[in-house]
Amino acid sequence: MNDTFESAINFEERKEYNAIEPVPIRERSINALDMFATWVRANANNGTWYVGGVIAALCFIPSLYVTLIANPIAYIIMALVGYIGYKIGISTMALTRITFGVKGSIIPSLLNTTQFIGWTAVNTFIASISVSFLLKDLFGMPVFGEPGGNTTMLIGICIMSVLHLLSIASGHRSVKIVERIGVGLIILLVIWETVVVFQQVSLDQIINWRPPADKALPFGSAIDIMAAFSLGWTPAIAEFTRYCKTKTAATWVPMLGANIGLFWFTLIGSIVTIGVAISTGAYDPNNSDPSGIVSKLGLGVLAFLVIIITSTTANAINLMASGISLTNVIPKLKALPALWIVTAIAAFITLIPLYIGSFLESFTMFLDYIGMVFGPIFAIVITDYYLLHNKKQSTDDLNKKNGRYWFSGGFNIRAVVIWAAGVILFLLLRNTEFVTAYTGATYPAMIITGILYFFFTRKAA
């Protein structure tokens, strides 16, 4: 993930509201232009680029279809949750108190913490590959993928972890500075790469390229990858929409901006990855990361430095978001120690692809995790708000023992059980041949989870 939290941080600095404290209308200052710029930038990052390279295994035109199908659906879901945040004025994780209970909301909060730690690990791994190329140029050390390359990667992960701590050292102020630097640099890099690719191959070659049979990606699996990638933003949306002046700024505008940013960068990722595959005669989705592409295109040290810097800027926000979620779970934990904790955990998780499977396998598993756990959560939140309570919810009992949202011991057992059923359903559907080939498991699991929650909640009322 990336700099989307910058706008929220700017407004939070003007007036502080905790997660469950509704933002009054008079204090709301985010307009439609703010939201559009924020959500275009949200998907202008290395992770989106990498996903574009992964779904290139479908071939170019089918990858466009996946992007045009999976992501608009995900961002409609994001807009629906964003509208709830706009109307009620509280954060996304606070919204889950209404459905999961005051204590039950700890479940999605912990999941949200791990999600942003996971995105930190993804960006760190990509940046560490660039560090390994730099260390080879400077000291002749082996790069990632070569014998001894894991040692170089360990050094890269340590370097990136230090950079992460520096980027968050002054809190929101340092984060905003590194974000402003990073956005411009990554845009310049993708333009540079695109020009170099089209100097070597034609658009017609890219359209007609086919991956090796053993690297082909089923259409349904690609839908799940893209759906999970885009759904990863939904847990953050109400952090912004609670500060929006208008309904349009809270719904249609972020949906449009996120789609534009994602389509742009996945398109670039697919084009560049396929272009390199044509030029080299070999396609491996494991090597579709920006660092590997930059190396094959021969763009040099400057390009690697851009990837390192932009990964640092993206992770500054991921770590801030993860740390905030952690303090929401453990109120006595101060912000700075929380940031140190999540930075250390992220560094440890980044080591996993070095010793267990490939980076692509780890990345795909991570996206499966997002689709598996967050899809059913937001199916329940949306069903509860729009279909069961007719868009009417109170914030009076969000932190009250024995209040409206206390349910049974602080947990809405029905919601927790149905969420767990949705997770299990996702796992079952993902192993179904038809689902893998055509639809993906994420959206069918969400639909069925919403139906189950509606049926059992209405029946119990």
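1. Start with the pair aspartate 368 and arginine 430. Their side chains form a salt bridge, with N to O at 2.8 Å. The pair ties together distant parts of the chain: aspartate 368 belongs to helix 18 (residues 359-388) and arginine 430 to helix 19 (residues 413-430), 62 residues apart. Bear in mind throughout that this is a predicted model.

2. The burial of these two partners deserves a look. Aspartate 368 has 17% relative accessibility and so counts as buried, since the cut-off is under 20%. Arginine 430, at 31% relative accessibility, counts as partly exposed.

3. How many salt bridges does the structure hold? There are 2. Besides the pair above, glutamate 146 and lysine 136 meet through their side chains, 3.2 Å from N to O. Glutamate 146 sits in the loop between helix 6 (106-139) and helix 7 (149-167), while lysine 136 is in helix 6; the two are 10 residues apart.

4. Here, both partners have their accessibility on record. Glutamate 146 is partly exposed, at a relative accessible area of 33%. Lysine 136 is partly exposed too, at 36%.

5. Now arginine 28. This residue lies in the loop between helix 1 (5-14) and helix 2 (32-42). Arginine 28 is buried yet has no salt bridge. Which side chain of opposite charge is nearest to arginine 28? That is glutamate 27, 9.5 Å away. The salt-bridge cut-off is 4 Å, so glutamate 27 does not qualify as a partner.

6. What does lie by the arginine 28 side chain? One of its polar atoms is 2.6 Å from the backbone oxygen of tyrosine 86. Leaving aside neighbours within four places in sequence, the contacts of arginine 28 include Val23, Tyr86, Ile88 and Gly89. Also among them are Thr241, Arg242, Tyr243, Cys244 and Lys245.

7. Helix 13 (residues 252-280) can be checked in the same way. Helix 13 has 29 residues and reaches 42 Å from its first C-alpha to its last, close to the 42 Å expected at 1.5 Å a residue. Glycine 281 follows helix 13, and its phi is positive, near 80°.

Note on methods
Residues numbered from 1 in each chain as written. Predicted model: local features only at pLDDT ≥ 70, side-chain atom pairs only at ≥ 80, totals over all residues. Heavy atoms only, no water. Helix = DSSP H or I, 4+ residues; strand = E, 2+ residues; numbered from the N terminus. Buried < 20%, exposed > 50% of the residue type's maximum accessible area, 1.4 Å probe, protein only. Expected span 1.5 Å × (residues − 1). Lys, Arg positive; Asp, Glu negative; His and termini not counted. Polar contact = N/O pair within 3.5 Å; in protein donor to acceptor, adjacent residues only side chain to side chain. Contact = heavy atoms within 4.5 Å.
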